[in-house]
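Have a look at the structure first, then go through the points in turn.

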Amino acid sequence: MRLTRRTLLTAALAAPAVTAAAPGGAGAAPGPAPAARALARLLPGHAHQVTFRTVPPADGRDAFRVSGTEGRILVEGTTPAVQLTGFHWYLRHVARAHVSWAGRQTSRLPRALPAVPAPVTRAANVTHRFAFNDTNDGYTGPYHDWDYWEHELDVLALHGYNEVLVYLGADAVYHRTFLEHGYADEELRAWIPGPVHQPWWLLQNMSGFGGPVSRGLLDQRADLARRIVRRLRELGMTPVLPGYFGTVPPGFAERNAGAHTVPQGDWVGFARPDWLDPRDAHFAEVAATFYRVQRELYGPTTMYKIDLLHEGGRPGDVPVGEAAKAVETALRTAHPGALWAILGWQDNPRREIVEAVDRTKMFVVDGLSDRFPSVTDREASWAGTPYAFGSIWNFGGHTTTGANTPDWARLFHQWRTKEGSALDGIALMPEGADNNPAAFALFSDLPWTEGPPDLTAWFDEWAVQRYGAPDPYAREAWDVLRRTAYGTTRADSWSEGHDGLFGARPSLTATSAASWSPGAPRYDPDEFAKALPALLAVAPGLRLSSAYRHDLLDVTRQCVSHRSRQLLPRIRAAYGARDRALFVRLTAEWAHWLRLLDEAVATDPRHLLGRWIADARAWGATRQEKDRLEYDAVSLLTVWGPRAGADGGGLRDYANREWSGLVGGLYALRWRTYFDGLLKALDGGGEPEPVDWFALEERWIRTHPPYAAEPKGDVVAVAREVERALRASSAG
């Protein structure tokens, strides 16, 4: 089979090239082809040395071929996006350069791009390369502009993705849909949450929080969504849009006589929207309106994301299989032949769903492939429904480092090649993106790699690609990281690294900041710390890129974060022993590490609360709207929602981040308040006064001082200070 596939691949890539003009017909942009335009954006000084050609698929699969002499590189591929994937393969493996969503290294490229030693061909071993979690638009940043999205889509193409989830702009679809079904503009805009919280509204978990949204905001978001889906189509990538499965505003049955709606109860402290019975004639009418409006706004696509009964949804008296069939019928009526994408998460998709629908037209993006060791046979789980091997390497957009890469290396190849395998894709689904560039690159390589990757060799080569040349200290640093943060496995039933305790609500018994995060380190923090001096010893000429600065910050930040887990038990012991002097000394040390952490993350623009706030406020037309959007944005990172969700539902600090402004602002305030209360109790001989943490957090969200939106300081200087402090702490 391998020889046959290679022969077919070579034949396909040797076939006459088809036109490289941008797809899209009359609306396509004139001039250079899409891949060439993307490369001009990414590498303007070298783009003229690269020629792109479009070729037919190889044995039905996407494929690329790279060849050429110095300064004259030819990249052939099945789509513009695949051509960019081929070029990035060349960039990493031949030119020793790299572009990521978290740092890049291209400054060491020679003026003339180096020759390809021998032509290289690759064919994707799976059809689907799916990007983004449903939560991405909340945790990564719903207030990004077109400049951000243009680069993000280019980077996804470079890494081989061909399907991208686009939730942005769905608010306009729902708004226009229900204007035609008995609702007024103002009440719909109050029902729609603020942009940060919209992903959970689209999953039928909540509504309204962070709103109301303005007409101007709806229009702006629709305009940006149109640009995103248009660019995806130009690159030959599939925009994955939300489909309709029955979410309705309050009072739908009262306004639409005979409609059958099912109350959905609550979701961790939020009231869920009602569900319209898909068997109901009203459902077919609403779905038809929804898909018509969506097509008018964004055009049709070939894949729709529909998550029926997500995270505790209640079917009530509605047979789940019949509901699924009706949802499918509505989709097929509007878009014959379209794929139904559904998240593999908890008990979904339910057995009744996959048994009721055409499984050849359903595709499961599995969020648990590298999470639970009990997940071993997805063909049995989903009755042979095609699925993607997925990873959620962070929850809430945590800044923690690492991923279960040994599971990726072993399980993806094993599951894909077993007899009767239904695995036909990968699904890149961290809840927050734009982090963990090594994980991003390795996971993205899986569809383009024959056999399981050798992780030792991969990380050795990554150190060269990341910084531009071989360096013994870079190799040492990445070997440490491979064995620690990137050496964890799903054996402990986690897929993300442990978070730090500086971001936790204060407690002497805290074991994680987020309610659903690992309660203990998943690797040895002291072993991990060995990566810091190694990175600081990298040759000066290799330290000039944003890739190096990102990695140095990430390791520095993680080393400081680990101090919280090492210090808190000692503080607890000192308090329990009523040793005032030791308690004062240790809590002062805690404050010192908090200061160092804030100084470190302040050096990077992507670790600034002030930038997050500025991006949100930029979308507001009035002072009142700007304030509302800021609250929407900051609440997600802190209390997440109202008291019922934050306290009763456990959502507070679910999206904790080690960012400047959060660390030196809210986190420092909480721990200072807590330790002051404990010290007062030590001095008075009684119990500490209870603190209403939600009230403190809510007050801080609404009254905090301004925070910088631009970075300051030198990450190398801060990293050296952290290294010295770690050595001193170890010696002490």
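1. Start with the helix pair. The axes of helix α21 (residues 546–576) and helix α22 (residues 580–601) come within 9 Å and cross at roughly 165 degrees. Axes here are lines fitted to C-alpha atoms, for helices over the stretch in contact, with angles from 0 to 180 degrees between N-to-C directions. Helices are DSSP runs of H or I with at least four residues, strands are runs of E with at least two, and both are numbered from the N terminus. Because angles over 145 degrees count as roughly antiparallel, α21 is roughly antiparallel to α22.

2. A word on what you're looking at: this is a predicted model, where local features need pLDDT of at least 70 and side-chain atom pairs count only at pLDDT 80 or more, while totals for chains, interfaces and linings use all residues. Residues are numbered from 1 along each chain as its sequence is written, and side-chain values use heavy atoms, leaving out hydrogens and water.

3. Back to the helices. Residues of α21 including L553, V560 and L567 meet a set in α22 that includes F583, W590 and W593; contact means heavy atoms within 4.5 Å. The residues of this contact divide into 15 nonpolar, three polar and five charged.

4. Next stop is A602, in the loop between α22 and α23 (609–617). Is A602 buried or exposed? A602 is buried, with a relative accessible area of 5%; buried means under 20%, exposed over 50% and partly exposed in between, using a 1.4 Å probe and protein chains only. Leaving aside residues up to four places away in sequence, A602 touches L608, S660, P711 and K712.

5. Now an open sheet: four strands in the order β1-β3-β2-β6, with mixed pairing. Two strands pair if DSSP finds at least two bridges between them. At the edges sit β1 (50–54) and β6 (120–123), each pairing on one side only. Strands β2 (residues 63–69) and β3 (residues 72–77) run antiparallel, joined by six bridges, and S67 has L74 in β3 as its bridge partner.

6. Finally, strand β7 (residues 128–131) is covered on both faces, with H128 and F130 buried on one side and R129 and A131 buried on the other. β7 pairs in the parallel sense with β19 (residues 423–428) over four bridges, and A131 stands opposite L428 there.

Note on methods
Parallel < 35°, antiparallel > 145°, perpendicular 65-115°, else oblique. Nonpolar A, V, L, I, M, F, W, Y, C, P; charged D, E, K, R; others polar.
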